[in-house]
Amino acid sequence: MSRWSFVGRAEQLDRLRMAVAGVRGRGILFTGSAGIGKSRLLHEGVDTLPGEKYAVWRIAASATTSAMAFGGLVQVLPEQPPGLSPAGILRWAVDVLQQQAAGRRIVLAVDDAHLLDPPSAALVHLVARAENASVVGTLRDGEQIPLPIRALWTDGLVERAELGPMTPDETAAMLTAIVGGQVDSGSTDRLGRLSAGNPLLLRELVHAATNSGELVERYGVWTWTGRLELAPSLTELIDIRIGQLTPGVRAVVELVAFGEPLGLRLLHQAVEQHDVEYAEERGLITMVESDRRLDVRLAHPLYGEVVRRQCPVSRTRRLQAHLADLLEKVGKRRREDLLRVARWRLASGTAQDPAMLIAAAGEAFARYDVPLATRLARAALDAGGGFDAAELLATILMFADRPAEALGVLDAVATDAGQEERLSRWLTVRGMVSYWGMSQASTVEEIAAEGTKLTDAAAQARVRAFEAIMRLHRLDAPAALRLAQGVLDRPAASVAARELARCTIAHLQAVQGQLCRSATAVDLVQAKVASWRADMPYLQLAVELARGTRLALSGDLAGIDALVADEFADLADAGDFRLGTGYLAILRAYAARLRGRSDAALQAALSACAVLATSRVYAGLAQSERAQAAALRGDARQAVEAMAEADRLHSPSMGVLYPWLEQARAATLAAGGDLSAAVGRLHGLVDRLRADGFAGHEALVLHDLVRLGKAGAQTGPRCSDGSRRTVAQRLTELSEQVDGELPPLLARHARASADGLPEGLLNAADGFAERGLDLLAAEAAAGAVHLLRQRRAPDVGHARQRLGALLARCDMVHTPALQAATPTLTDREWQVARLAAVGGTSRAIAEQLFLSARTVENHLQRVYTKLGVTSRAELRVALGTIPGHDGTTAM
């Protein structure tokens, strides 16, 4: 890989430049660990200094030059004259630098200043005392520093600043620069944690992941599988940092590597206390306070990677078995202790208790750690766990996108599902795998038929709860509601079955516009999470789908922000629970789109597509959101491509998602310029939604018609008098049926658009903006500007300013509503208008464009007429509200 772009460190760069300019002291020295980015920061900072103002000398100290007098400055000093005393040499060196500077300010940029030889260090100190000189440089933590260099900050000549690890945002930016594209959030987090914010280590990790084929690109998004082959260069680098260890200290490091975080008391039972203290002094381990316990961790995550790989297999198994013995001896007091013991038993080959392994696998799955849960459940099955282990393993395999393997596991234990309680569990897991994993529509009838054979009330309720949510997804809403209500009416139903049924009802209520009832139902499910998570952890997906649907339909962007930032999102990302991670990325894209943040919307949508590439459940929805984001940017080609992918990947088992896909199809048609086809598609969708009773969705689709300028168009079936309602009238009806603040606002926008009321459109824009819906606000304001400009109204200037402020909060936005309100300017008119708006006179513009001044004036008059402005000042504001040829705003 080539040298990557410099990212982040803006504050430190500013401090360096201010120090060089003499605004704050006479220089600055950055300290930090190896590879933290000190040298790159120094080089980037001095590279920006203008040569006519500063005389910059770069000095790269090293262990080689530290052994000779003035070896550190051999790059900048000529050959010394003979016969000079040490003091004379210093005076001579200063004079040489002053002469070469020729009146400019001297800047000594010293990399690794701790390696300077004594005479060079003395000269640097002497230069720093000069009025027209600055010293900037780097120092490595833990190194012996020459006294003249230390005196630079103790004497107040320079600042000393600690350069810490990169922030998560800087890490993400650097990853983008290294691979030349977007890296998904989960991979970014894992690579960031492993590198601990160290740029050098991050680059080496990416090298290793790329060379081993573990960093792969899908839909323009790079994803790391999590498997890591450490390159020899990286292993050697870590070995140097760890250094030679005594047997006792190595035992400390190895135990912590396999057991971290490891309680200090537990560690003291296994090794000598003085070895622990020495390891901490060497910077190999660190102590962390955790819930009134002192835990021990390795000082850097990569230490563990290298130590674990270098440890012989026999010793690895012995150490992990020993850790499990120690923790079982003192008692598993913390919730995570079960998982830790199970992992150690599994890795050491001492896992013989299937009950313990089943419990641990269930705990891992409840935390959405799918890879770990899979290993533990398979070990439980191999250890004789029987039906319980097989049921759990099949469930986990379903959410690991391995449905065929899951069916094989279930079919192997079909004869063990004799009792009705077991049979109901076998039926529901097999039905889930068959319906969602294999997209077999007949599963619904099969599970319904088998359910009627059950006599146990609790077993029957469990099957009916699954049948209900399957029928919801298959768009059999009346049956789904009847079945779900029946489950709630059964006192014998388990908590998990009842709450799964409640999720079905909550989802139905959301799409029907009963948003308040839906929110209450979701809250009730979440209140019982401790009771159902162990039995049915995947129920959380049904919760999030119901809640996400309600938040999206209500335009509650703050609620979406809270949802994608809660504990489930963290667990899903950390545990490789792709269905959860992918769905939350879709919601992020949706919220960003309504905010007019097209870059963020497209990135989130692409990330969802990449994460869900092997899944059929939400893959079509992810591609449809990608199509929406591309259409928002005016990228018709990508929108068409995404919709084709959505149609290919969308599973019939997810029929309930059809409104979102059809809305995206209409947006794609509109982005391609076929507005009549888009309008026809939306009218058809309105009819279908009305027939299904999905009033919540219908309101949004009707508003899409308003955005396409069809607020006054007729829609829906005929009334008793033979007439049909307009879009605005139907939205007004729905505003009284659908809960929340958004439907009345949509209706207000529709009425103002249909009646041609600029003030009403601006009021609607204010309402959208208050809810953070900046895209919709900008479109409403654009409509008002268009009307006022046509009428040559005097208050068009205020409307323009409002539109400009809204567009400034958006990225690249290219929607039909904004384009319809945009006057058409020729290329020449654009050139003249832009130059005039920034203060160019007609004569100056004429000279620049090789035109006559009169021709420039003629162009300007046509521009003024089209935009409804009368001066250059108004022109500047007007251009700020018009998308330019490249899709950005003109100013």
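# Close-up views of a predicted model

**View 1. Glutamate 544 within helix α27.** With a relative accessibility of 0%, glutamate 544 counts as buried, because buried residues are those under 20% relative accessible area. This legend, like those that follow, describes a predicted model. Glutamate 544 belongs to helix α27, which covers residues 539–554. Its side chain forms a polar contact of 2.9 Å with the side chain of arginine 547. When residues up to four places away in sequence are not counted, glutamate 544 touches Thr549, Leu563, Phe568 and Tyr583.

View 2. Is glutamate 260 buried or partly exposed? The residue is partly exposed, with a relative accessible area of 25%. Its side chain reaches the backbone nitrogen of leucine 298 at 2.9 Å. Leucine 298 is also one of the residues that glutamate 260 touches when those up to four places away in sequence are not counted; the others are Leu255, Val296, Arg297, Arg308 and Arg340. Aspartate 295 is 35 residues apart from glutamate 260 along the chain, yet the C-alpha atoms of the two are separated by 8.0 Å.

View 3. Strand β4 (residues 133–140) runs parallel to β1 and is joined to it by six bridges. Within this pair, threonine 31 stands opposite leucine 139. Strand β5 (residues 159–162) also runs parallel to β1, and four bridges join the two. Here isoleucine 28 stands opposite glutamate 159, and phenylalanine 30 has alanine 161 as its bridge partner. Which residues of β5 form its covered face? They are Glu159 and Ala161, whereas Arg160 and Glu162 form the uncovered face.

**View 4. The open sheet of β6, β8 and β7.** This open sheet has three strands in the order β6-β8-β7, and their pairing is mixed. Strands β6 (182–183) and β7 (215–218) stand at the edges with a single partner strand each, so one side of each has no neighbour in the sheet. Two bridges pair β6 with β8 (residues 221–224) in the parallel sense. The bridge partner of glutamine 182 in β8 is valine 221. Helix α31 (residues 598–611) packs on the sheet and touches β6, β7 and β8, with its direction at about 45° to that of β8. Helix α7 (residues 185–195) lies across β6 and β8 and runs at about 50° to β8.

**View 5. Helix α32 and the glycine that follows.** Helix α32 (residues 619–632) has 14 residues, which should span 20 Å at 1.5 Å a residue; its end C-alpha atoms are 20 Å apart, in agreement with that value. After α32 comes glycine 634, whose phi is positive, near 80°.

**View 6. Helix α39 and its packing.** The 13 residues of helix α39 (residues 758–770) reach 18 Å from the first C-alpha to the last, close to the 18 Å expected at 1.5 Å a residue. Its buried residues include Leu761, Leu762, Ala765 and Phe768. The buried residues of α39 pack against four helices: α36 (695–707), α38 (742–755), α40 (774–790) and α41 (796–808). Just after α39, glycine 772 takes a positive phi of about 80°.

**View 7. Phenylalanine 768 and the nonpolar cores.** The largest nonpolar core has 171 residues, and Tyr618 and Phe768 have the most contacts inside it. Helix α40 gives the most to this core, with eleven residues. Leaving aside neighbours within four places in sequence, phenylalanine 768 is in contact with His703, Leu742, Leu745, Leu746, His749, Leu773, Leu776, Ala777 and Ala780. A second, separate core has 54 residues, among them Val249, Val307, Leu327 and Val341.

Definitions and conventions: Residues are numbered from 1 along each chain as its sequence is written. This is a predicted model: local features need pLDDT of at least 70, side-chain atom pairs count only at pLDDT 80 or more; totals for chains, interfaces and linings use all residues. Side-chain values use heavy atoms; hydrogens and water are left out. Two strands pair if DSSP finds at least two bridges between them. Contact means heavy atoms within 4.5 Å. Axes are lines fitted to C-alpha atoms, for helices over the stretch in contact, and angles run from 0 to 180 degrees between N-to-C directions. Buried means under 20% relative accessible area, exposed over 50%, partly exposed in between (1.4 Å probe, protein chains only). A polar contact is a pair of N or O atoms within 3.5 Å; within protein, one must be able to donate a hydrogen and the other to accept it, and residues adjacent in sequence count only if both atoms are side-chain atoms. The expected span of a helix is 1.5 Å times one less than its number of residues. A nonpolar core is a set of buried Ala, Val, Leu, Ile, Met, Phe, Trp, Tyr and Cys residues joined through side-chain atoms within 4.5 Å.
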